[in-house]
Amino acid sequence: MMANSNIDSIWQTPLQLPKLKGHQVHIWRANLGLSTPEIEQLTTLLSTDEIARADKFRFAKHRRKFIAARGILRQLLGNYLEVSPRSLTFTYSDRGKPQLATDISLQFNLSHSEEYALFGFALNHLIGVDIEHQRAMPDALKIAQRFFSAREYKMLVAVPLEQQPKLFFQLWTAKEAYLKATGTGLSGSLSSVEICLDQRESLYLSTIKQDKIIDWSLYCCTPATDYAAAIAINAQISTQDVNYWHCNYVSDRAL
Ligand SMILES: CC(C)(COP(=O)(O)OP(=O)(O)OC[C@H]1O[C@@H](n2cnc3c(N)ncnc32)[C@H](O)[C@@H]1OP(=O)(O)O)[C@@H](O)C(=O)NCCC(=O)NCCS
């Protein structure tokens, strides 16, 4: 199932930090272009291995974005679990998917592209998110021909030329969100999942054999102009249970 949401109407700035209940899925978008004092403050939340990872980035802009995304992730997780963001410990699957070491019922995933990050949270359901900056892709059709299924490629060539980049990134993020939810990432096959269109022009997850994957939900959204994003959850989640929040980093206590 997919809902395609436009930019401004869905992203709400919470007055109070929200709690996650039942089948709710919380999606947060954050602008990673933070000030130096903000980056310094977020650095104090990171573990030694995260700081070591940050230090390995060659360019400061990449280091700052990694710190911003990890710092905000820790603040959001800390809020949900009502613990200090600093106290959180992550474990990693063999393909690198982070999980909470102590509380795997709170599932999460993050993605970043250029200026924005997207964070997804769900209770007891696998979740994967992907955000991509929608840039000019002169080779989009060639890439689609190579990595997408025949039906996905057909869907892409069927739309007017000016709509192809948007659909390309919708399909790409949807496939990647699913692969990130399962933890396979791009080492898994992009063709192991197929994105289809239903009669109401909504995208949904399927397999090449044409079966709808019924125990998964797929949502697509537009976090900002020229960004495409998708969320895949291993459960049937209705539209009203998906909340989109705008994260305003201010201090240790407020987002
Ligand atoms: C995960 C992956 C899809 C990320 O793609 P991307 O578009 O470059 O990055 P995104 O911004 O969407 O996501 C990155 C975030 O996803 C998370 N992540 C990392 N590996 C993941 C995985 N296998 N599944 C789900 N999420 C993963 C991390 O939080 C990461 O952010 P961080 O590096 O700041 O902590 C890609 O790196 C991949 O395919 N990794 C698997 C590689 C692999 O199998 N390695 C074998 C072991 S060496």
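**Ligand shell**

I began with the ligand and found 18 residues around it, of which Gly96, Ser111, Gly185, Leu186 and Ser187 come nearest. I note that the model is predicted.

I then sorted the shell by class and got 5 nonpolar, 8 polar and 5 charged residues. Strand 5 has the largest share, with 4 residues.

**The sheet with strand 5**

I followed strand 5 into its sheet. The sheet is open and has 4 strands, ordered 5-6-2-12, with mixed pairing. Strand 5 and strand 12 (242-247) are the edge strands, and each pairs on one side only. On average, neighbouring strands here are turned by 20 degrees against each other, direction ignored.

I looked up the partner of strand 5: strand 6 (residues 116-123) is joined to it by 8 bridges, and the two run antiparallel.

**Nonpolar core**

I turned to the largest nonpolar core, which has 58 residues. Which members touch the most others? Ile231 and Ala232 do. Helix 7 gives the most to this core, 10 residues. In soluble globular proteins, nonpolar side chains tend to be buried together.

I listed the contacts of alanine 232, leaving out residues up to four places away in sequence: Gly128, Ala177, Tyr178, Ala181, Leu205, Trp216 and Leu218.

Leu218 took me to strand 10. Is strand 10 (residues 217-221) largely enclosed or open? It is largely enclosed by the rest of the structure, because 5 of its 5 residues are buried. I checked the directions: Ser217, Tyr219 and Cys221 point one way, Leu218 and Cys220 point the other way, and all are buried.

Strand 10 pairs with strand 11 (residues 227-233) over 5 bridges in the antiparallel sense. Cysteine 220 has alanine 230 of strand 11 as its bridge partner. I logged the two strands as a hairpin with 5 residues between them. In the turn, aspartate 226 has a positive phi of about 65 degrees.

Conventions: Residues are numbered from 1 along each chain as its sequence is written. This is a predicted model: local features need pLDDT of at least 70, side-chain atom pairs count only at pLDDT 80 or more; totals for chains, interfaces and linings use all residues. A residue is near a molecule or strand if its C-beta atom, placed from the backbone, lies within 6 Å of it. Ala, Val, Leu, Ile, Met, Phe, Trp, Tyr, Cys and Pro count as nonpolar, Asp, Glu, Lys and Arg as charged, and the others, Gly among them, as polar. Two strands pair if DSSP finds at least two bridges between them. Axes are lines fitted to C-alpha atoms, for helices over the stretch in contact, and angles run from 0 to 180 degrees between N-to-C directions. A nonpolar core is a set of buried Ala, Val, Leu, Ile, Met, Phe, Trp, Tyr and Cys residues joined through C-beta atoms within 7 Å. A residue is buried if 20 or more other C-beta atoms lie within 10 Å of its own, exposed if 12 or fewer, and partly exposed in between; C-beta atoms are placed from the backbone. Two residues are in contact if their C-beta atoms, placed from the backbone, lie within 7 Å.
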